[in-house]
Amino acid sequence: MASSRIRHDPSWSARQGLAGSFLKLFLRAYTACHFKWPISLKPHHEGNRFVVIEPATLDFYEGVTVDSEIKPEAIGATWYPEPCSAATEVPDGQSVVLHLHGGSYVLGDGRTSSCNFLAKTLLTHTPASHLLCLQYRLACNPNGRFPAQLQDTIAAYVYLIHTLHIPPDRIVLSGDSSGGHLALAMLRYIVEYDDPCRLPPPKCSWLWSPWCDVPAAVDPDSWTQSPNYETEYIPGSFPTWGARQFLRDLAITETMERYVAPIHHPFVLPSPVLIVTGGREVLFPDHQQLVQRFQKMASNGPRIELVVEEKVPHDVLMIGWIMRFYQEAEACAKRAGEFVQRVESSERSTATVQD
């Protein structure tokens, strides 16, 4: 009986259960103390893999990204396994991944200490030659509420396309948890910006356990009342604190809600999207609903697909090394790689028909 309580799920080992309990305890304490994750534009241990990205020119910021208080700023990012330059040639059949890390918008920086396992897993098991993990502004810091993170993502995307001259059909947009939420916001912005010459869509996107409705998380009951809460390592207080910091005094108009609660506002995607979820995570039903709603919009547009790794909680790619879900994380990465290959195969078939 004691072993069963520790494991939380019959398919987990006792060690996996203990790791999940430790993570929940850590995040509960992190939230209670309102700890502010330090953000720096210095290279530190990352050395030349760390780059500073200046804001894009003002004409790239329109609509919700224009804010009287929140202005574009210089941001950092970490390259894996080595930096790209304007002279770097992406090999045929491979891609550059722009990854947006998770952490409820109040934790994380994309550096080696937290994202090394994620980066290595993607570089090993997908056709990716390079990965750039963005250090976007955190909501708990000054000038950190939305749309700061979307401004930062636009700057990183413009940096890849217009500074490094990486073809958009060689770029994969990726994000886990809050980073998945941010990736969806970026895809919507690309659609609404509506200039495919200056801000073209990526080849495709991977969304790992994306946050689907930030305003709903302001109420912790929306998280703790889930039937999957017992197998989830995230306490309800953590996304609640993140949501409140991310939104602050922002007026949730219908226009704003399209960006912060995408589950309620599906749109025609600019390129294919893969959603990866865990069968034991709180957001699992949201991910099913999100895909169903977007699929209704995709009858004449790019597809959206869902991958379910049944026995894992939230964001297996981020916590696989902590909770020892190595095989499950690798399996999900391989599915993401296969998705890219299907997208490329479909593009070649379309080009052949057009010729």
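This is a predicted model: local features need pLDDT of at least 70, side-chain atom pairs count only at pLDDT 80 or more; totals for chains, interfaces and linings use all residues.

Tutor: Start with the residue classes. Ala, Val, Leu, Ile, Met, Phe, Trp, Tyr, Cys and Pro count as nonpolar, Asp, Glu, Lys and Arg as charged, and the others, Gly among them, as polar. Now take the second largest cavity. About 30 Å³ of space lies inside. Its lining is made up of Trp208, Ser209, Val276, Thr277, Gly278, Glu281, Val312, Pro313, Asp315 and Val316. By class, that gives five nonpolar, three polar and two charged residues. Strand E7, residues 273-278, gives the most to this lining, with three residues.

Around it sit Ser104, Ser177, Trp211, Trp223, Ile234, Pro239, Leu283 and His314. Here the lining has five nonpolar and three polar residues, but no charged ones. The count of cavities of 30 Å³ or more comes to two.

The whole structure has 15 salt bridges. One of them joins Arg111 and Glu46, at 2.8 Å from N to O. This pair links distant parts of the chain, 65 residues apart. Arg111 and Glu46 are both buried. Arg137 and Glu73 form another salt bridge, at 3.7 Å from N to O. Arg137 lies in the loop between strand E4 and helix H4, and Glu73 in the loop between E1 and strand E2, so the pair ties together parts 64 residues apart in sequence. Arg137 has 8% relative accessibility, so it counts as buried. Glu73, at 31%, counts as partly exposed.

Terms used:
Residues are numbered from 1 along each chain as its sequence is written. Side-chain values use heavy atoms; hydrogens and water are left out. On a 1 Å grid over the protein atoms alone, a cavity is a set of points where a 1.4 Å probe fits but cannot get out, and a pocket is an open set with protein on both sides within 12 Å along at least five of seven lines; lining residues have an atom within 4 Å of a point. Grid points are joined across faces, edges and corners, and a volume is the space filled by probe spheres set on the points. Helices (H or I, at least four residues) and strands (E, at least two) are DSSP runs, numbered from the N terminus. A salt bridge is a side-chain nitrogen of Lys or Arg within 4 Å of a carboxyl oxygen of Asp or Glu. Buried means under 20% relative accessible area, exposed over 50%, partly exposed in between (1.4 Å probe, protein chains only).
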